[in-house]
Amino acid sequence: MDETYTTKAIILKRFSFRENDSKAIVYSRDKGKLELVARGTKKINSKLAGHLEPISLSDIMVVRGRQYNYIGSAVSNNCYKIIKGDLDKLQIAGKAIKNFNKLIKEEQADKKIYILLQEFFNEINKKDLIADYELLYNFFILKLLVILGYGPELYYCVGCRQKIRPKGNKFDFIKGGIICNNCKTGNNLTISENCIKVMRFAINEKFANLSKLKIKNSISNEIKKIVSSFLEFTI
């Protein structure tokens, strides 16, 4: 096993550890989610600290240790300044990271997840972006759940397995998808035909296209309610 390796990583969180050090939680392209010690980052003259700010894309060198793995060096590629300069964007990015950390286990690499996280940050980092950030966040969560294998069933009834028809459907959080009018019980959430169409579209589209979507507030609110509730149930 190599004593050191280099990888691209998105910095998710950094917190105090020992007197002068900190720990960084990152999602790396090659090794997945990692918790690494960053030595000396609490010192005023630390050169490493600036490259390990949360919501940053950096090239990092990881040094394997007996008890902990360490960040030997880091060079920032993208610090997402526009996100950090906009309170609304920063709040959404923080919310995405919080739930990302809840869903992702350590050292299980998946390049699809790495690309998804990077594309999400790239999109909300656009200077002239005019979009519903909360809706984009819910699309991010929906796409992440699909990659992880927790995605909702949006084409066939989770009760009878018949193809979903346009009207009379509900969302069953226990069974993990849409349930038809014949199978539904009183504990499901109503889901409209247009909501189903947008969720299906969102799973396969890039954020650059999703940020341009023009949908009614009622549909947007419906998506937010279903995705957030499904996430809560999944976690």
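**Close-up views of the predicted model**

The mean positions of the 41 positive and 24 negative charges of the chain lie 3 Å apart. The model shown is predicted.

**View 1. Overall layout of the chain.** Seven helices and eight strands make up the secondary structure of the chain. Along the principal axes, the C-alpha atoms occupy a box of roughly 65 × 40 × 25 Å. Of the 235 residues, 45% count as buried. The chain exposes about 12,900 Å², of which carbon and sulfur atoms supply 48%. Among contacts between residues at least 6 apart in sequence, 60% link residues at least 24 apart.

**View 2. The largest nonpolar core and the surroundings of Phe140.** This core has 57 residues, and those touching the most other members are Phe100, Phe120, Phe121, Phe139, Phe140, Met199 and Ile223. Helix α4 (residues 133-148) contributes the largest share of the core, 10 residues. When neighbours within four places in sequence are set aside, Phe140 is in contact with Ala96, Phe100, Leu116, Leu117, Phe120 and Phe207. A second, separate core comprises 14 residues, including Ala9, Leu36, Ile71 and Ala74. In soluble globular proteins, nonpolar side chains tend to be buried together.

**View 3. Strand β2 and its cover.** Strand β2 spans residues 21-28, and eight of its eight residues are buried. Asp21, Lys23, Ile25 and Tyr27 point one way from the strand, while Ser22, Ala24, Val26 and Ser28 point the other way. Both sets are buried.

View 4. Strand β1 (residues 4-17) pairs with β2 in the antiparallel sense over eight bridges, and Ser16 stands opposite Ser22 in β2. These two strands form a hairpin with three residues between them. In the turn, Arg18 has a positive phi of about 65°. Strand β3 (residues 32-38) also runs antiparallel to β2, to which seven bridges join it. Ser28 has Gly32 in β3 as its bridge partner, and a hairpin of three residues joins β2 to β3.

**View 5. The open sheet of β7, β6 and β8.** Three strands form an open sheet in the order β7-β6-β8, with antiparallel pairing. Strand β6 (residues 170-172) and β8 are paired over two bridges, and Phe171 has Leu189 in β8 as its bridge partner. Strands β7 (177-179) and β8 (189-190) stand at the edges with a single partner strand each, so one side of each is left without a neighbour in the sheet.

How values were computed: Residues are numbered from 1 along each chain as its sequence is written. This is a predicted model: local features need pLDDT of at least 70, side-chain atom pairs count only at pLDDT 80 or more; totals for chains, interfaces and linings use all residues. Side-chain values use heavy atoms; hydrogens and water are left out. Helices (H or I, at least four residues) and strands (E, at least two) are DSSP runs, numbered from the N terminus. Buried means under 20% relative accessible area, exposed over 50%, partly exposed in between (1.4 Å probe, protein chains only). Contact means heavy atoms within 4.5 Å. Accessible areas come from the Shrake-Rupley method with a 1.4 Å probe; for residues, only the protein chains shown count as cover. Lys and Arg count as positive and Asp and Glu as negative; His and the chain ends are not counted. The place of a charge is taken as NZ of Lys, CZ of Arg, CG of Asp or CD of Glu. A nonpolar core is a set of buried Ala, Val, Leu, Ile, Met, Phe, Trp, Tyr and Cys residues joined through side-chain atoms within 4.5 Å. Two strands pair if DSSP finds at least two bridges between them.
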